[in-house]
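Please look over this structure before reading on. The report below takes a few residues and pairs in turn.

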Amino acid sequence: MLKQIRYFQSVVEENSFTKAADSHFISQSAISQQIRSLEAELDVTLLTRKNRGFELTEAGRYFYEKSLALVADFDALCQETQAIANQQAAQLSVGYLYSYEGSEIQEAIASFASQFPDVALTVKTGTHDQLYDELRFGKIDLVINDQRRAFSTDYENLVLTDLPLYVAFAAFNPHTQEKVLDIEDSLDKPLILVADSQQEETERAYYRDYIGFSGEIQFTPSATEAKMSVVANRGYLPLEFGKGASIPPTLSCRPIYKQGNPILRRMCAFWKKDNSGYYVETMAELLAKAFK
C-alpha cells in the first residue's frame with residue numbers, strides 16, 4: 001500500500017496522472033490502476049475523475065494531508081534503521097538559551113541519555129539568534145528558544161511553557177529589598193546582554209521595542225563575562241527561571257514587571273519538519289513532560 005500512497009501523492013502534487021506516471025517511470029494506465037487499487041483497499045473514493053482531469057474528494061484531501069506525515073515518518077524510520085544496521089553512530093544535537101535557569105532541560109537530557117546510551121548526544125547553549133541560525137542551517141537538530149516571531153510552517157513548534165522574566169544583579173545591590181522590579185523605573189544600571197557584533201542591533205531592538213527597556217544596554221560576547229559584570233554591580237542580566245533554579249550567593253534575582261504585570265517569555269522547542277525523526281521527537285516529548 002505504501003507504493004500506492006506514493007503514487008497517489010504524486011498524482012495530487014502534479015495535478016496530472018500523466019506527469020505523475022512519468023515521474024515514477026510507469027505508464028499512465030498503470031498508475032491509474034494503482035490508484036483504483038488503493039481506493040478499493042480503503043473502500044473510499046479518493047478522486048472524482050472528470051474528463052481529462054480530476055478533483056479530490058473530501059476523504060481524498062484528508063487522506064493526502066495525513067499521508068504526507070505517514071510517508072515522511074516511514075522514510076525517517078528506514079534511514080535510522082539503515083544507520084543502525086551499518087553501525088553508524090546515531091547522533092542528536094540540542095541547544096538552549098544561555099539565559100535559561102532551571103532543571104527541566106537537564107531532566108529531559110538525563111532521561112534521553114539513560115534511554116539511548118548509544119546515541120551521541122551533544123548539548124550547547126547560545127543566544128536566541130545563534131540558536132535560530134544553527135537550526136536554520138542544519139547545524140543543530142532541536143533548540144529550546146523563546147518565541148520572537150510567528151511560527152513557521154517549515155518547523156515543528158512545540159510550546160513548552162511561559163516563564164516570567166527575571167533580572168540578576170549583585171547581591172549587595174539595594175534592590176534586594178524589593179520583591180519585584182519595574183522595567184521602566186527600577187533599573188538604574190545598564191542591561192547586560194550576550195550577543196556578537198552582528199546580533200547587537202537585533203537584541204537591542206527586541207529589548208527596547210518588545211520588553212520596553214529604555215535605559216542603557218551593554219553587550220558581552222559570553223554568558224560568563226555577563227555574569228561577572230553583574231557580580232561586580234555593573235548592570236542587570238535577564239534570565240528565565242524554571243523549576244529548581246538556583247543562583248550563587250553573589251547574585252540576587254527579582255521578577256521584572258511592566259505596567260504592573262510580569263513579563264512572560266514563551267519557551268518552545270523547535271525543529272525542522274524535514275529533520276523530524278524518532279530521536280528528535282522523543283526528545284521533544286521528554287521536554288514537554290519535564291516542563292509540565
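Ala171 touches Thr176, Pro249, Thr250, Leu251 and Ser252, leaving out residues up to four places away in sequence. Contact here means heavy atoms within 4.5 Å. Ala171 sits in the loop between β7 (155–170) and β8. Strands are DSSP runs of E with at least two residues, helices are runs of H or I with at least four, and both are numbered from the N terminus. Ala171 is partly exposed, with a relative accessible area of 27%. On this scale, buried means under 20% relative accessible area, exposed means over 50%, and partly exposed lies in between (1.4 Å probe, protein chains only). Trp271 is 100 residues from Ala171 along the chain, and their C-alpha atoms are separated by 38 Å.

This is a predicted model, in which local features need pLDDT of at least 70 and side-chain atom pairs count only at pLDDT 80 or more, while totals for chains, interfaces and linings use all residues. Residues are numbered from 1 along each chain as its sequence is written, and side-chain values use heavy atoms, with hydrogens and water left out.

**Domains**

The chain is divided into domain 1 (1–84), domain 2 (87–161 + 266–291) and domain 3 (163–264). These bounds come from an automatic or database domain assignment. The centres of domain 1 and domain 3, taken over C-alpha atoms, are 54 Å apart.

Leu181 lies in strand β8 (residues 181–182). Is Leu181 buried or exposed? Leu181 counts as buried, at 0% relative accessibility. Beyond its neighbours within four places in sequence, Leu181 is in contact with Val167, Phe169, His175, Ser186, Leu187, Arg254, Pro255, Ile256 and Tyr257. Pro262 is 81 residues away from Leu181 in sequence, yet 9.5 Å away in space, C-alpha to C-alpha.

Arg254 belongs to strand β12 (residues 251–258). Its contacts, not counting residues up to four places away in sequence, include Tyr166, Val167, Phe169 and Leu181. Arg254 is buried but has no salt bridge. A salt bridge needs a side-chain nitrogen of Lys or Arg within 4 Å of a carboxyl oxygen of Asp or Glu. Which side chain of opposite charge is nearest to Arg254? That is Glu178, 7.8 Å away. For charge, Lys and Arg count as positive and Asp and Glu as negative, while His and the chain ends are not counted. The side chain of Arg254 does reach the backbone oxygen of Thr176, at 2.6 Å.

**Salt bridges**

Side chains of opposite charge can pair when their charged atoms come close. How many salt bridges does a search of the whole structure find? It finds 13.

| Pair | Closest N and O atoms |
|---|---|
| Lys227 and Glu101 | 3.2 Å |
| Lys243 and Glu107 | 3.4 Å |
| Glu134 and Lys124 | 2.9 Å |

Lys227 forms a salt bridge with Glu101. The pair links distant parts of the chain, with Lys227 in helix α8 (residues 223–231) and Glu101 in strand β4 (residues 100–101), 126 residues apart. Lys227 is partly exposed, at 31% relative accessible area. Glu101 is buried, at 15%.

Lys243 forms a salt bridge with Glu107. Lys243 lies in the loop between β11 (237–241) and β12, and Glu107 in helix α5 (residues 104–115), so the pair ties together parts that are 136 residues apart in sequence. Lys243 is partly exposed at 38% relative accessibility. Glu107 is partly exposed too, at 35%.

Glu134 forms a salt bridge with Lys124. Glu134 is in helix α6 (residues 128–136) and Lys124 in strand β5 (residues 120–126), ten residues apart. Glu134 is partly exposed at 22%, and Lys124 is partly exposed at 36%.

Elsewhere, salt bridges link Asp146, Arg148, Glu203, Glu240 and Arg265 in a network.

Ser93 is placed in strand β3 (residues 91–97). Ser93 counts as buried, at 13% relative accessibility. Apart from residues up to four places away in sequence, Ser93 touches Thr122, Lys139, Ile140, Asp141 and Leu142.

Helix α9 (residues 278–290) has 13 residues. From first C-alpha to last, α9 reaches 18 Å, close to the 18 Å expected at 1.5 Å a residue. That expected span is 1.5 Å times one less than the number of residues. Among the buried residues of α9 are Tyr279, Val280, Met283 and Leu287.

How values were computed: A polar contact is a pair of N or O atoms within 3.5 Å; within protein, one must be able to donate a hydrogen and the other to accept it, and residues adjacent in sequence count only if both atoms are side-chain atoms.
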